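Here is a short walk through one structure.

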Amino acid sequence: MMILFLVAIISCYTGLLLQKCMSVSPSIKTYPDIGEFAFGNKGRILISIFLYLELYFVAIEFLILEGDNLHKLFPNAKIHVGCLKIVGREFFVFLVAIIILPTTWLRSLGLLAYVSAGGVLASVVLVCSVFWVGAVDGIGFEEKGVIWRWNGLINAISMFTFCYCGHAVFPTICNSMKDRSQFPKVLFVCFILSTMTYGSMATMGYIMYGQNLMSQITLNLPKGKISSKIAIYTTLINPITKYALVVSPIATAIEDKLPLRQSKFIVSYFIRTFLVISTVIVALVVPFFGYVMTFTGALLGVTVSILLPCFCYLKIVKTPSYLEVVFIGVILVFGSSVSISGTYISLKNIISHV
C-alpha cells in the first residue's frame, strides 16, 4: 500500500509538470506538442510513439480482460465457422471485438465521453459487489499471504504505474477545460478517488483469497452467487465503454498523416477496423493479463507518465528551483530502474509462457 501511494504521488506530480509545460505557451495543446516544444520534431515523434503504443496495449488488455471473464461465466461456449472451431476464451475475444467495432467508428469524442461515463459507475459497482461477496456470500476476510516478496517488487510497481498511466490525455483534458487553472484540483480529486478504489480492491483481494488471488479477482469469485455475476458483468462494461476512447487517438493520428481527402471516411473506417483486428490477434497470441499489464506499465507507463514529463519540464522551464531539480532527479532514477528491470522481467515471463 505504501508503494501504491508513492506511485500515485509521483504520477500526480508529473501530471502537474505537464500542466506547467502547457502554461508556457498557448500553442501547446497536446502531449506531442509538449515534446516538440521541448525537443523539436524528434521530441514529438518520440512521445507520439510511446503514447500510441501505450494506448494500443491498453486496448489489448481490454480484450484479454473480456475474454477471461466471459469464459468464466460460460466455460463451454464455442462456435464453428466452416472447418474452424473457436472455443472458450478465444471465442469471446472475437465476440467482444465485433460488439466494440461499431463504437470505434464514432467520430464524436463528446459522444464517446458520455458512453465512457458509464465506466465510472461500473467501477463503484464492482468494488461494492466484491465487498458483498466477502462480507455476505460466505468467502470472508480471513485469508493471509506473504506480507513482502522482494522478487515481486518490480512487478508490483510496474502494475501500479499502469493503473496511473492517464498522462497521455491530461494535456487534452486540461486544454478542453473552460478554466484551465482548475486542472490541479481535477487532478487531485481524480488521483484520490482512483487510489481509494485501487487500495480497497487490493486489500479485499488479499484478505479474501491471499496467495490464491488470480490476476483478476473476478476469476476467483464463486460462480453461483448473484453478487459474483454482478461483479463480472460490471467488469465487462468498462472495456466496452472505453475501448473506442483508447483507440480513437491512434486512428486520428494515422488519418492525419494520410493525404486522402475524398475517401477519407472510408479510409477511416478501414483504419479503425484494422486496429481492432490487430489488437484481437495480439490478445490471442499473448493472452496473459498480468504479464501484459506489467510490460505495458514498465516500458510504456513509466516512460509516458514519469520519465518524459520530467525531461520535458526540465527542458522547457529554464529556472526550476533547486528542490525541484533534486526531487525530479530522484524520480528519474526511480523511474529508469523500474522501467529497465520491469521490462526485462515481464518480457522474460511472456516469452517463457508463450
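Two packed helices are described by the angle between their axes and the distance between the axes. Here, each axis is a line fitted to C-alpha atoms over the stretch in contact, and angles run from 0 to 180 degrees between N-to-C directions. Keep in mind that this is a predicted model.

Start with helix α3, residues 88-104, and helix α9, residues 264-285. Their axes lie 10 Å apart, and the packing angle is about 160 degrees. Angles over 145 degrees count as roughly antiparallel. So α3 is roughly antiparallel to α9. The crossing of the two is right-handed.

Which residues make this contact? From α3 come Arg89, Glu90, Val93, Phe94, Ala97, Leu101 and Thr104. From α9 come Arg272, Thr273, Val276, Val280, Ala283 and Leu284. Sorted by class, the contact of α3 with α9 has 8 nonpolar, 2 polar and 3 charged residues. The spacing of such lists has a simple background. An α-helix has 3.6 residues a turn, so residues three or four places apart point the same way.

Now move to a second pair. Helix α5 covers residues 153-163, and helix α11 covers residues 322-353. Their axes come within 9 Å and cross at roughly 105 degrees. That angle falls in the range of 65 to 115 degrees. Therefore α5 and α11 are roughly perpendicular to each other.

In α5, the residues that meet α11 are Ile154, Asn155, Ile157 and Ser158. Their partners in α11 are Phe334, Val338, Ser341, Gly342, Ile345 and Asn349. The contact of α5 with α11 divides into 5 nonpolar, 5 polar and no charged residues.

Stay with α5 for a moment. Its buried residues are Leu153, Asn155, Ile157, Ser158, Thr161 and Phe162. What do these buried residues of α5 pack against? They pack against α1 (2-22), α2 (31-73), α10 (289-316) and α11.

Last come the cysteines. A disulfide is a covalent bond between the sulfur atoms of two cysteines. How many disulfides does a search of the whole structure find? The search finds 0. The cut-off for a disulfide is within 2.5 Å. Cysteine 190 is likewise in no disulfide.

The surroundings of the two can be given as well. Cysteine 12 is buried, with a relative accessible area of 8%. Cysteine 190 is partly exposed, with a relative accessible area of 37%.

Note on methods:
Residues numbered from 1 in each chain as written. Predicted model: local features only at pLDDT ≥ 70, side-chain atom pairs only at ≥ 80, totals over all residues. Heavy atoms only, no water. Buried < 20%, exposed > 50% of the residue type's maximum accessible area, 1.4 Å probe, protein only. Helix = DSSP H or I, 4+ residues; strand = E, 2+ residues; numbered from the N terminus. Parallel < 35°, antiparallel > 145°, perpendicular 65-115°, else oblique. Left-handed = near helix turned anticlockwise from the far one by under 90°. Contact = heavy atoms within 4.5 Å. Nonpolar A, V, L, I, M, F, W, Y, C, P; charged D, E, K, R; others polar.
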